[in-house]
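Me: I've got a new model open and want a quick tour. Start with whatever wording we'll need.

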Amino acid sequence: MSETRTFTGGCHCGQVRFECTTDLATVTACNCSICTKKGLHFTFLPLESFQLRAGAESLKEYLFNKHAIRHQICNECGVEVFARGRKPDGAEIVAVNVATIDHIDLASLTMTPIDGRNR
Ligand SMILES: [Zn+2]
């Protein structure tokens, strides 16, 4: 899974749709409170590698803790599709919930453990 390609994806009900370009080389398996409770596995992309194609008006933002990561949730079906954040250098990034990529096989991905609980 190291080939860079363009994927499509979206929420469960189909209102929110996106396209992203990634090699899926780094997918997080994070032990922080939200990733654990929601079963989130993110891959982080520069802004230009992610395009929201539909559903901007259906997204609800969820913030907690330091509000550093802005979680984007479909207000119809409740699926978290992606999150917005910033790298330490201030550059904007998008974290795609890889489970929302069309036809993804989670078990085939290599997960990178992240100790988010202790950060
Ligand atoms: Zn939805």
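Reply: Two strands pair if DSSP finds at least two bridges between them. Strands are DSSP E runs of at least two residues, numbered from the N terminus. This is a predicted model, where local features need pLDDT of at least 70 and side-chain atom pairs count only at pLDDT 80 or more, while totals for chains, interfaces and linings use all residues. Residues are numbered from 1 along each chain as its sequence is written, and side-chain values use heavy atoms, with hydrogens and water left out.

Me: OK. How many bridges join S7 to S8?

Reply: Four, and the two strands run antiparallel. Gln72 has Phe82 as its bridge partner in S8. S7 and S8 form a hairpin with five residues between them, and Gly78 in that turn has a positive phi of about 85°.

Me: And on the S9 side, how many bridges join S8 to S9?

Reply: Five, again in an antiparallel run. Ala83 stands opposite Ala95 in S9.

Me: Is S8 largely enclosed or open?

Reply: Largely enclosed by the rest of the structure, because five of its seven residues are buried. Buried means under 20% relative accessible area, exposed means over 50%, and partly exposed is in between (1.4 Å probe, protein chains only).

Me: Which other strand pairs with S2?

Reply: S5, residues 50-54, pairs with S2 over four bridges in the antiparallel sense. Glu19 has Gln51 as its bridge partner there.

Me: How many residues does the largest nonpolar core have?

Reply: It has 18, and Phe18, Cys20, Leu24, Phe50, Val96 and Ile101 have the most contacts inside it. S2 (17-22), S8 (80-86) and S9 (92-97) each supply at least two of its residues. Another core, of eight residues, lies apart from it, with Cys30, Cys32, Phe42 and Ala83 among its members. Nonpolar core here means buried Ala, Val, Leu, Ile, Met, Phe, Trp, Tyr and Cys residues joined through side-chain atoms within 4.5 Å.

Me: What does Phe18 touch?

Reply: Leaving out residues up to four places away in sequence, its contacts include Phe7, Phe50, Leu52, Val81, Val96, Thr100 and Ile101. Contact is heavy atoms within 4.5 Å.

Me: And Thr100, buried or exposed?

Reply: Thr100 is buried, at a relative accessible area of 5%. It is in the loop between S9 and S10 (111-114). Beyond four places in sequence, Thr100 touches Gly9, Gly10, Phe18, Val79, Glu80 and Val81.

Me: Switching to the metal. What are the protein donors of the zinc ion?

Reply: The SG atoms of Cys11, Cys13, Cys74 and Cys77, lying 2.3 to 2.4 Å from the zinc ion. Donors are N, O and S atoms within 2.8 Å of the metal (3.2 Å for Na, K and Ca), and water is not among the atoms, so sites may look incomplete. Along the chain the spacing is C-x1-C-x60-C-x2-C. Cys11 is in the loop between S1 and S2 and Cys77 in the loop between S7 (70-74) and S8, so the pair ties together parts that are 66 residues apart in sequence.

Me: How accessible is Cys11? And Cys77?

Reply: Cys11 counts as buried at 9% relative accessibility, while Cys77 is partly exposed at 28% relative accessible area.

Me: Last one: where is His103?

Reply: In the loop between S9 and S10. His103 is exposed, with a relative accessible area of 81%, and its phi is near 60°, a positive value in a residue other than glycine. His67 also has a positive phi, about 60°, although it is not a glycine. His67 is in the loop between S6 (59-62) and S7 and is partly exposed, at 45% relative accessible area.
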